[in-house]
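Thanks, everyone. Let's walk through this one from a helix to a set of strands.

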Amino acid sequence: MHTGRQTVGAAWGLDATGREKASGEALHPDLKAVIELQQIDQRIAELTAQIDALPSQIQTLETQLNEFIHAHEERKQRLAKNQKERRDLEVDIQGIQVRISKHKDQLYEVKTNEQYRAMLKEIEGEEAKIRKIEDQILEEMIEAEQLEKHIHDAAARLDGEKARVAGEVKQLQALRQADEEERERLEKQRQSDAAGLSAGVLDLYERMRARRGQAVAEVREDFCTACNVRLRPQLFNEVRGNQALLTCENCSRILYYVEPPPTESAEAQGADARTSA
Ligand SMILES: [Zn+2]
């Protein structure tokens, strides 16, 4: 379970390394309280951002599925149109064939060679039309074959796509539920934590939070990590003790200090000291 308290503990390295003990000083209770309050506020903000992003994530998934279905339906319509076009072209050929056979009958009735040649030319023209239409039919058939393949593949995938989207939507909704529950719990915890603070401390925290978003800043080395300005040596010395609510002279945030983790060489020296002792 994620609680503000645990997060603060982790930030302070109060676990196995026992850094707080090593420094020999406990945090001032007010300082500890505002750090914890900030952890809670940051987690609430994270949860809120996640909750607010969910509807558009669900929308995206549903749009993907709708586009898939739409493309599938469009191909089916295109195939139906293709089939109708092919039938129409075949009807056209039949009409031309009727005309050709009429012309062929007329060949026997013509009186002159000139008329005969003209009639033959007429027939050749009609036959050329048929070949052109047959080429069109062939193109339509090639298109139909491709459409049928696509339609077959999409139909096979459609149920899977629907199940995938439904599954992902369900997961997102479950996440939303969990986020909302966690946020509600943290909001209650925040209320009781805030009630435990003195009015002055809470007011300082809330004013800084309203102004800066983040009210409390860690000091690392001798820098304020929020505004990256170096602390004056005297202020740094005071902040290091973590025994009062001190604020950054540049950004006015409440400051706290975390002892840097021991470096590798320091650990190695410690190990040397132990082995030689
Ligand atoms: Zn600062």
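Start with Lys76. It is partly exposed, because 15 other C-beta atoms lie within 10 Å. The cut-offs: buried takes 20 or more other C-beta atoms within 10 Å of a residue's own, exposed takes 12 or fewer, partly exposed is in between, and C-beta atoms are placed from the backbone.

A word on the source. This is a predicted model: local features need pLDDT of at least 70, side-chain atom pairs count only at pLDDT 80 or more, and totals for chains, interfaces and linings use all residues. Residues are numbered from 1 along each chain as its sequence is written.

Back to Lys76. It sits in helix H3, residues 29-107. Helices (H or I, at least four residues) and strands (E, at least two) are DSSP runs, numbered from the N terminus. Leu147 is 71 residues from Lys76 in sequence, yet the C-alpha to C-alpha distance is 7.7 Å.

Next, helix H5, residues 199-212. What span should its 14 residues give at 1.5 Å a residue? The expected span is 1.5 Å times one less than the number of residues. That gives 20 Å, and the end C-alpha atoms are 20 Å apart, so the two agree. Just after H5 comes Gly213, with a positive phi of about 80 degrees.

Now the strands. Two strands pair if DSSP finds at least two bridges between them. E1 (residues 216-220) and E4 (residues 254-257) run parallel, joined by 4 bridges. There, Ala217 has Leu255 as its bridge partner. E1 also runs antiparallel to E2 (residues 223-224), with 2 bridges. Val219 stands opposite Cys224 of E2. E1 and E2 make a hairpin with 2 residues between them. In that turn, Glu221 has a positive phi of about 55 degrees.
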